[in-house]
Amino acid sequence: MMKKDIIINYAISETRIAILENKKLVELFVERPENERTVGDIYLGRVVNVVKGIRAAFVDIGQNQDAFLHFSDVGDTFTTVNSLVDLTNAQYRPDNIPVEDIKEGQELLVQIIKEPISTKGSRITTQISIPGRFCVLVPNSNMVGVSRKLESVRERRRLKKLARRLKPANFGLIIRTVAEGKQLEQLEQDVQSLMKMWDKIERKMKKHQPPMIIYKDMRMTSGVIRDLFTNDISRVVVDSKKLHRDITIYVKDVAPTLVDKIELFQKDAPIFDTFQIESEIEKSLSRKVWMKSGGYLIFDHTEALVAIDVNSGKFVGRKGHDENSLRVNLEAAKEIARQLRLRDIGGIIVIDFIDMIDPRNRQKLHEEFKKELRKDRAQANITPISEFGLIEMTRERVRPSLLFTFSETCPTCDGTGRVTSKGTVLTHIERWVRRFKASTRERRLVLSVNPEISKYLREGVKSRIRRIMWKFWVKIDVIADESLAVTQFKFYSKKRNIDVTDQFMS
């Protein structure tokens with residue numbers, strides 16, 4: 001049986017939540033004050049642009065970038081300020097408002113389903129849903145559903161029957177996975193709590209003008225406890241007394257049988273060091289990930305997709321090529337599935353496995369990878385292995401990948417991972433001097449460059465900078481400046497004592 005643990009580390013600058021399966025890190029959530037989770041938040045927004053060519057509208061919800069509302073995320077009905085009425089009134093029947101009726105200036109109630117990523121704003125929907133511990137309330141709907149992750153047909157039927165009894169008029173109701181085994185009274189209490197929440201949303205919406213946040217979903221820590229702290233979790237360990245107290249109070253109210261699983265970490269050593277999580281986080285940020293067999297994975301992020309390359313590395317097998325390749329590929333499939341969860345990689349993903357000739361081995365790899373992906377809460381779709389040994393897949397993207405949470409684009413290489421070579425920088429300097437000589441009679445300059453370039457220019461008896469001076473008959477004093485990037489340089493006129501770099505740039 002798989003052992004699952006939730007480990008929570010609280011710090012002034014961030015809160016980190018690690019999910020362990022059999023003591024191995026599989027998911028990591030990071031929340032910072034300046035970058036709080038926004039998925040699930042409900043806003044009163046104003047449509048600023050409708051672009052029918054891409055079947056979408058852009059909505060101002062008060063963030064830096066306008067939110068993106070695709071027409072496929074507009075439900076059969078949507079709530080505007082003018083059409084808002086009390087849904088608890090049994091006489092109310094929402095009218096179907098066609099997508100074409102979305103117009104600029106219209107005020108809509110929307111909910112974030114994907115956080116802003118790179119230059120893209122939040123993705124939103126008009127199909128509002130409010131999650132509770134056991135149920136999800138869906139205004140403007142008559143649907144009744146049960147989580148697909150509940151495998152027992154008998155239990156699904158029982159919960160669906162209870163949901164029909166509990167469903168308020170003009171609201172949909174979805175029963176969550178954690179409701180398995182729960183009785184009518186517990187579900188009823190959850191529905192009542194959600195109805196009170198919707199009542200607050202209605203009242204707040206009527207009072208305010210867009211853009212305005214109307215409902216803030218739980219903070220990440222509370223949301224993880226609500227969504228993931230189920231009976232199959234062995235324990236929750238937290239290193240903050242306040243968080244421990246808050247979690248205990250919440251769990252006592254919604255699932256008192258789980259209270260004994262909450263532990264306060266009181267050792268002097270950092271909690272993530274004790275559970276060997278810190279080292280796993282370092283690996284998750286690395287481009288190269290080694291596997292036990294000696295093989296390794298390479299992760300490359302591009303604007304359009306993520307490419308993953310499987311390499312045999314140091315692995316030396318004793319069997320034939322296909323058998324050896326299959327062994328490395330099977331290990332890679334498990335590690336890739338774990339890394340996708342851990343790094344929270346979404347969108348289009350292309351995986352280049354080691355080539356195998358036998359179709360049966362390809363099928364075995366495909367089935368193994370599908371099995372590993374079933375452990376993931378995010379939805380994923382994969383293609384069969386192509387003749388080139390590639391698997392193409394998509395994985396649900398809700399928030400930016402872990403890489404973008406822990407790192408920023410390099411200001412020197414602008415995210416390419418490469419910088420202009422020293423030889424190219426030398427060529428740029430020589431061109432600058434040529435322009436300078438063609439436009440002025442001055443003969444003395446001061447050149448300020450990065451220490452690496454300074455060393456490169458002065459190497460040898462017939463140094464590169466000396467050859468430039470001889471060629472153009474100018475005197476150049478080279479100064480090393482650590483504040484300059486390898487690609488940068490500055491020229492100063494010694495006669496006038498001013499920066500003249502920009503005057504003779506191309």
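Here are legends for several close-up views of this predicted model.

Residues are numbered from 1 along each chain as its sequence is written. Because the model is predicted, local features need pLDDT of at least 70 and side-chain atom pairs count only at pLDDT 80 or more, while totals for chains, interfaces and linings use all residues; side-chain values use heavy atoms, with hydrogens and water left out.

**View 1. Helix H10 packs against helix H12.** Helices (H or I, at least four residues) and strands (E, at least two) are DSSP runs, numbered from the N terminus. H10 covers residues 422-439 and H12 covers residues 464-472; their axes are 11 Å apart, at an angle of about 25 degrees. That makes H10 roughly parallel to H12. Angles under 35 degrees count as roughly parallel, over 145 as roughly antiparallel, 65 to 115 as roughly perpendicular and the rest as oblique. Axes are lines fitted to C-alpha atoms, for helices over the stretch in contact, and angles run from 0 to 180 degrees between N-to-C directions. Look for Leu426, Ile429, Glu430, Val433, Arg434 and Lys437 in H10, which meet Arg464, Ile468, Lys471 and Phe472 in H12. Contact here means heavy atoms within 4.5 Å. The residues of this contact divide into 5 nonpolar, no polar and 5 charged. For these classes, Ala, Val, Leu, Ile, Met, Phe, Trp, Tyr, Cys and Pro count as nonpolar, Asp, Glu, Lys and Arg as charged, and the others, Gly among them, as polar.

**View 2. An open sheet is formed by 4 strands.** Their order is E23-E22-E24-E25, and the pairing is mixed. Strand E23 (475-480) and strand E25 (498-499) are the edge strands, each pairing on one side only. Two strands pair if DSSP finds at least two bridges between them. Strand E22 (residues 444-449) and strand E24 (residues 489-493) run antiparallel, joined by 5 bridges. Within this pair, Leu447 has Phe491 in E24 as its bridge partner. H10 packs on the sheet too, touching E22, E23 and E24, and its direction makes about 25 degrees with that of E24. H12 lies across E22 and E23, running at about 155 degrees to E23.

**View 3. Strand E12 is largely enclosed by the rest of the structure.** Buried means under 20% relative accessible area, exposed over 50%, and partly exposed in between (1.4 Å probe, protein chains only). Strand E10 (residues 135-139) pairs with E12 in the antiparallel sense over 5 bridges, and Val138 stands opposite Gly172 in E12. Strand E11 (residues 144-146) runs parallel to E12, with 3 bridges between them; here Gly145 has Ile174 as its bridge partner.

**View 4. Arg235 lies in strand E14 (residues 233-238).** With a relative accessible area of 21%, Arg235 is partly exposed. Arg235 and Lys3 are 232 residues apart in sequence, yet 9.2 Å apart in space, C-alpha to C-alpha. Not counting residues up to four places away in sequence, Arg235 touches Lys3, Lys4, Asp5, Ile6, Lys261, Glu263 and Phe275.

**View 5. Ser325 has its place in helix H7 (residues 321-343).** Ser325 counts as buried, at 4% relative accessibility. Leaving aside residues up to four places away in sequence, Ser325 touches Ile354, Asp355 and Met356.
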